[in-house]
Amino acid sequence: MTTSISKLARRGSAAALLLSPLMAQAAWNELNLTKGVTPYSETVYDLHMMILWICVITGVLVFGAIFYSILKFRKSAGAVPAQWHESTLVEFLWTAVPAIILVVMAVPATKALIMMEDVSNSAMTIKVTGYQWRWRYDYVNEGVGYYSTLAKPSDTARQLDSGIDPASVENYLLEVDNELVVPVGQKIRFLTTAADVIHAWWVPALGWKRDAIPGYINESWALIKEPGVYRGQCAELCGKDHGFMPVVVRALPEAEYKAWLEKMKAEQAPATAASAVPALSVAASR
Amino acid sequence: MSTAAAHHDEHHAHHPSGITRWLTTTNHKDIGTMYLVFSLIMFFIGGAMAMIIRLELFQPGLQWVNPQFFNSMTTMHALVMIFGAVMPAWTGFANWLVPLMIGAPDMALPRLNNWSFWILPFAFTLLLSTLFMPGGAPAGGWTMYPPLVLQTGNAFPFLIFAVHFMGASSIAGAINIIATVFNMRAPGMTLMKLPLFVWTWIITAFLLIASIPVLAGAVTMLLTDKFFGTSFFSAAGGGDPVMFQHIFWFFGHPEVYILILPAFGIASAIIPTFARKPLFGYSSMVYASASIAFLSFIVWAHHMFTVGMPLAGELFFMYATVLIAVPTGVKVFNWVATMWQSSMTFETPMLFAIAFVVLFTIGGFSGLMLGITPVDFQYHDTYFVVAHFHYVLVTGAVYALIAGTYFWLPKWTGHMYSETLGKWHFWLSTISVNVLFFPQHFLGLAGMPRRIPDYAVQFADWNMVSSIGGFVFGLSQILFVVGIVKCARGGKQATSQVWEGAHGLEWTLSSPPPYHSFSTPPAAATIEGGMR
């Protein structure tokens, strides 16, 4: 009885939310790309919307012509077929016009790519290492590093026939034990690599994903503008638990981040003293 | 047409009957039928795997299968559908139609033809047997990226040799088609008079010969990495895992045009027939197909933008990729222009062909979006990609195969199929396939990665919608089989021409055509009359 009432209440509140702009935003987020929280992700969003509209307009014209033909040029309506079957001018035009549209699209795309590939002048560097099936984050030159694994409640609920309703788990499959903590307003350089197979580190709100490949170190960057928690997942098939190695980034204001980093340094200091290469020794002990 | 009866010759009675007929046949029509039946069986096996995938994804949480088996299903679904269903189906169409369309008695290399088919059952016995092996079927994705694929258990060598067999079969088939078209055309059938299906298949055959050996090399290097101590793709041994991706996609991108180019040929045959108007821009269709084939060899790295390439590389592959939109656009515009000021009727083949043009174009749009590198950093490896390639492969290649089957089935069997059943098949398929794949665009944009057995709850609604579409689409295909079986068993006798607007040499022969097709070359006038 109580459960049915709470279900009913949940539905009621959902209906109320549906009318609010917040809910409309949530529904939109289920349909479209996120605008994200970095300069790059906003550029990507604008580019995505521009190409989407070009496709929609082209689609309306082409499909419009097809449906007009279907209605108008049907034998049952007494249509008599013409016999023309080529036109140099028309064929030239529909080769040239799309080519021009492509150039129009390529210009902002090239600019965005140049922006993404410019990792210079970064304020700090974080090394991201993919493992089957967890992430490791190392704050380069700070002596801080740790693993980030799917949170226990999600891990329990995701077992075959666990009987736990995923909806009852907070941030199901998108929660970790140790979040990646970063400051806002700073250009952060990410180095991605992997220890076993290929993974891909992806947070949609940052606007990109990058493969983590054993033997390779890939560079990318992000400048997060707003504090918040941003969630993502491994995007490259990496074995049986590929779906269960989420990424959680917590962006803090500068001062709070500094405080967090100092705390972590203090916690990890003895480990650093004990071993010259802490990351490797931890990896080896596993 | 009336002369067709004279083509019936005495050899007819000489071929063996029963199972030996099928084992030893060198007849292009028998081999074509075997290819088509084989591909239909594989279509249902691959489809059953897709049903398991959609069942598990029906709601969040794991209800039916464990993650390892789920990965096996996505891997095997792709391998079975690409190498078992679509590629053999195209070879089956080529076997049946190329000799009929160019006025030849049979294929140029009939024994090779028999062999190239009979490799396939062995290839797929190897591949499907891995489902019952310790460690399960391959689960590293059909792209077989190392190092992950090297973690495959007992199934690994079976996967490699199955791929080798499939490749050998495809190359043999391609050689045969090239030899046939270049040597056995009827007098007067110049290259620029070839039906577009023959043209697109010739181009496809060259793509196969150029790309399949590259795949064979790549998987052989995987084999030696696994068993013979080499380190081609192992960074720890001085090798390079990304090199595999470059080699694989140098095969893989031409491969996607191998799957779709013959579909362009089919649409170019069906639309003018039911529009009762010549195909618009025949020569630009030929040049566009050739341009697409050329470009397909210089765009491979757009499948791997996120591996971290130099800026110059990313720019080159982006520009080359979006350039493919130009010849592809020409094709779509030409089909629309063919329909303009025509006189259309809407039999089942035409319905599927029009749906092909519309839905393939939607897949083309998402392909254009994916080609833009900076945005691909978001789209890559999400359900947006899954939606894209299912629009081009299911509502593209498979729809063209279905359209072609209904179109030539009366020619092949001598009976008309049931138009009522065909229309039910069309409408149920077309509504459900969009319910199945369109929401996957939303899922991908909202952030759902591909190849995951379970997902966060915000993806639940559209996954459920997609799964419902999937179940209906899967069940609708039973109507296809019922229609084919009914048609093969009997029905209204088909005329030689079958369709009012049909042009081309295959429609001058009886339905079904005589055992040795054109035992005397058709007259030049017949070829001219068939040119539309």
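## Close-up views of a predicted model

**View 1. A mixed, open sheet in chain A.** In this predicted model, 5 strands of chain A form an open sheet with mixed pairing, in the order S4-S10-S9-S6-S7. Strand S4 (180-183) and S7 of chain A stand at the edges. Each has a single partner strand, so one side of each lacks a neighbour in the sheet. Neighbouring strands here are turned by 25° against each other on average, direction ignored.

**View 2. The pairing of S4(A) with S10(A).** Strands of a sheet pair through backbone hydrogen bonds, either parallel or antiparallel. Which way do S4(A) and strand S10 (residues 246-252) of chain A run? They run parallel, joined by 4 bridges. A:Leu180 stands opposite A:Val249 in S10(A).

View 3. A:Trp221 lies in strand S8 (residues 218-223) of chain A. Is A:Trp221 buried or exposed? A:Trp221 has 21 other C-beta atoms within 10 Å, and the cut-off for buried is 20 or more, so A:Trp221 is buried. A:Asp118 is 103 residues away from A:Trp221 along the chain, yet their C-alpha atoms are separated by 8.1 Å.

**View 4. Where chain A touches chain B.** In this interface, 77 residues of chain A are in contact with 76 residues of chain B. On the side of chain A that touches chain B, helix H3 (39-72), helix H4 (88-117) and strand S7 (208-212) of chain A each supply at least two residues. H4(A) gives the most, with 15 residues. By class, this side of chain A has 45 nonpolar, 17 polar and 15 charged residues.

**View 5. Two packed helices in chain B.** Two packed helices are described by the angle between their axes and the distance between the axes. Helix H4 (residues 67-102) and helix H14 (residues 383-413) of chain B pack at an angle of about 30°, and their axes are 11 Å apart. Angles under 35 degrees count as roughly parallel, so H4(B) is roughly parallel to H14(B). The crossing of H4(B) past H14(B) is left-handed. From H4(B), the contact is made by B:Val86, B:Ala89, B:Phe93, B:Trp96 and B:Leu97. From H14(B) come B:Ala397, B:Val398, B:Leu401, B:Gly404, B:Trp408 and B:Trp412. The residues of this contact divide into 10 nonpolar, 1 polar and no charged.

Conventions:
Residues numbered from 1 in each chain as written. Chains lettered and ligands numbered in written order. Predicted model: local features only at pLDDT ≥ 70, side-chain atom pairs only at ≥ 80, totals over all residues. Axes fitted to C-alpha atoms, helices over the stretch in contact; angles between N-to-C directions. Parallel < 35°, antiparallel > 145°, perpendicular 65-115°, else oblique. Left-handed = near helix turned anticlockwise from the far one by under 90°. Contact = placed C-beta atoms within 7 Å. Nonpolar A, V, L, I, M, F, W, Y, C, P; charged D, E, K, R; others polar. Pairing = 2+ DSSP bridges. Buried ≥ 20, exposed ≤ 12 C-beta atoms within 10 Å, placed from the backbone.
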